[in-house]
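Let's take a friendly walk through a protein fold, one piece at a time. Keep the picture beside you as you read.

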Amino acid sequence: MKRKMRYNSNREINYTYEIRVRFVETDPLGIVWHGNYIQYFEDGREAFGRHHGISYLDQKENGFASPIVKSTSEHKLPLRYGDVATIKTIYVDSPAAKMIFRYEIFNPEGELVCTGETIQVFISLDSGELSLTIPPFFKAWKEKEGLLSE
């Protein structure tokens, strides 16, 4: 008999990380080119993963990769060369076999400059197939983080 899992969707797990805008990331107007914000999301997601024990290397050790299947971004204010930006990466819990992250990027004055979201699915490194169920290592991580209760 299968028991349903309960999800604690009220718990927010996040991590804040700072980056310095490099010259190469700016356009001829001296502002960050819009496509670089996706890289900033990646920087935040990697820092989140290292901090919370769910990095790409942790996934690989358990036989999985997690490619992005959807990404969105909304730009509100510019960042400029030399700015130190703060990336807040927020894990959004889901009962499905996927990871959803939301992002908030702030300028040095604390103003919100960009928001976004990415969705990643799990792919078995052995078979290359999409995992339709939550991989055991990810289920264990969710339990450790207080996101699951039986």
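Tyrosine 37 and tyrosine 40 sit three residues apart in helix 1, which is about one turn of the helix. The model you are looking at is predicted. Are these two side chains buried or exposed? Tyrosine 37 counts as buried because its relative accessibility is 3%, and the cut-off for buried is under 20%. Tyrosine 40 is buried too, with a relative accessible area of 1%.

Their rings also form an aromatic pair.

## A glycine on the same helix

Helix 1 covers residues 36–52, and glycine 44 belongs to it. With a relative accessibility of 0%, glycine 44 counts as buried. Setting aside residues up to four places away in sequence, glycine 44 touches Ile87 and Thr89. Leucine 132 is another matter: 88 residues separate it from glycine 44 along the chain, and their C-alpha atoms are 26 Å apart.

## The sheet

Now turn to the strands. In general, the strands of a sheet pair through backbone hydrogen bonds, either parallel or antiparallel. Here, five strands make an open sheet in the order 2-5-6-7-4, with antiparallel pairing. Which strands are at the edges? Strand 2 and strand 4 are, and each of them pairs on one side only. From one strand to the next, the twist averages 15 degrees.

Let's follow the pairings across the sheet. Strand 2 and strand 5 run antiparallel and are joined by eight bridges; asparagine 14 has isoleucine 90 in strand 5 as its bridge partner. Strand 6 and strand 7, also antiparallel, are joined by nine bridges, and isoleucine 105 stands opposite cysteine 114 in strand 7. Strand 4 pairs with strand 7 in the antiparallel sense over seven bridges, with lysine 70 opposite isoleucine 119.

Strand 6 and strand 7 form a hairpin, with five residues between them. In that turn, glycine 110 has a positive phi of about 85 degrees. Strand 7 is largely enclosed by the rest of the structure, because eight of its 10 residues are buried.

How do the helices meet the strands? Helix 1 lies across strand 2, strand 4, strand 5, strand 6 and strand 7, and runs at about 125 degrees to strand 2. Helix 3 packs on the sheet as well, touching strand 2, strand 5 and strand 6. The direction of helix 3 makes about 105 degrees with that of strand 5.

Helix 3 has two contrasting sides. Its buried residues are Phe137, Phe138, Trp141 and Lys142. These residues cover an arc of only 140 degrees around the axis, which puts them on the same side of helix 3. On the other side, Pro136 and Lys144 are exposed. After helix 3 comes glycine 146, whose phi is positive, near 80 degrees.

## The nonpolar core

What lies inside? The largest nonpolar core has 25 residues, and those with the most contacts inside it are Tyr37, Tyr40, Leu79, Tyr91, Ile105, Phe138 and Trp141. At least two core residues come from each of strand 2, helix 1, strand 5, strand 6, strand 7 and helix 3.

Leaving out neighbours within four places in sequence, isoleucine 105 is in contact with residues including Tyr37, Tyr40, Phe41, Leu79 and Cys114.

## Rings that link up

Tyrosine 91 is in strand 5 and phenylalanine 101 in strand 6, so the pair ties together parts that are 10 residues apart in sequence. Both residues are buried.

These two rings are also part of a cluster. Ring pairs link Tyr91 and Phe101 with Phe48, Phe64, Phe122, Phe137, Phe138 and Trp141.

How values were computed: Residues are numbered from 1 along each chain as its sequence is written. This is a predicted model: local features need pLDDT of at least 70, side-chain atom pairs count only at pLDDT 80 or more; totals for chains, interfaces and linings use all residues. Side-chain values use heavy atoms; hydrogens and water are left out. Helices (H or I, at least four residues) and strands (E, at least two) are DSSP runs, numbered from the N terminus. Buried means under 20% relative accessible area, exposed over 50%, partly exposed in between (1.4 Å probe, protein chains only). Contact means heavy atoms within 4.5 Å. A nonpolar core is a set of buried Ala, Val, Leu, Ile, Met, Phe, Trp, Tyr and Cys residues joined through side-chain atoms within 4.5 Å. Rings of Phe, Tyr and Trp (its six-membered ring) pair if their centres lie within 6.5 Å; planes under 30 degrees apart count as stacked, over 60 as edge-to-face and the rest as tilted. Two strands pair if DSSP finds at least two bridges between them. Axes are lines fitted to C-alpha atoms, for helices over the stretch in contact, and angles run from 0 to 180 degrees between N-to-C directions. The arc is that of the directions from the helix axis to the C-beta atoms.
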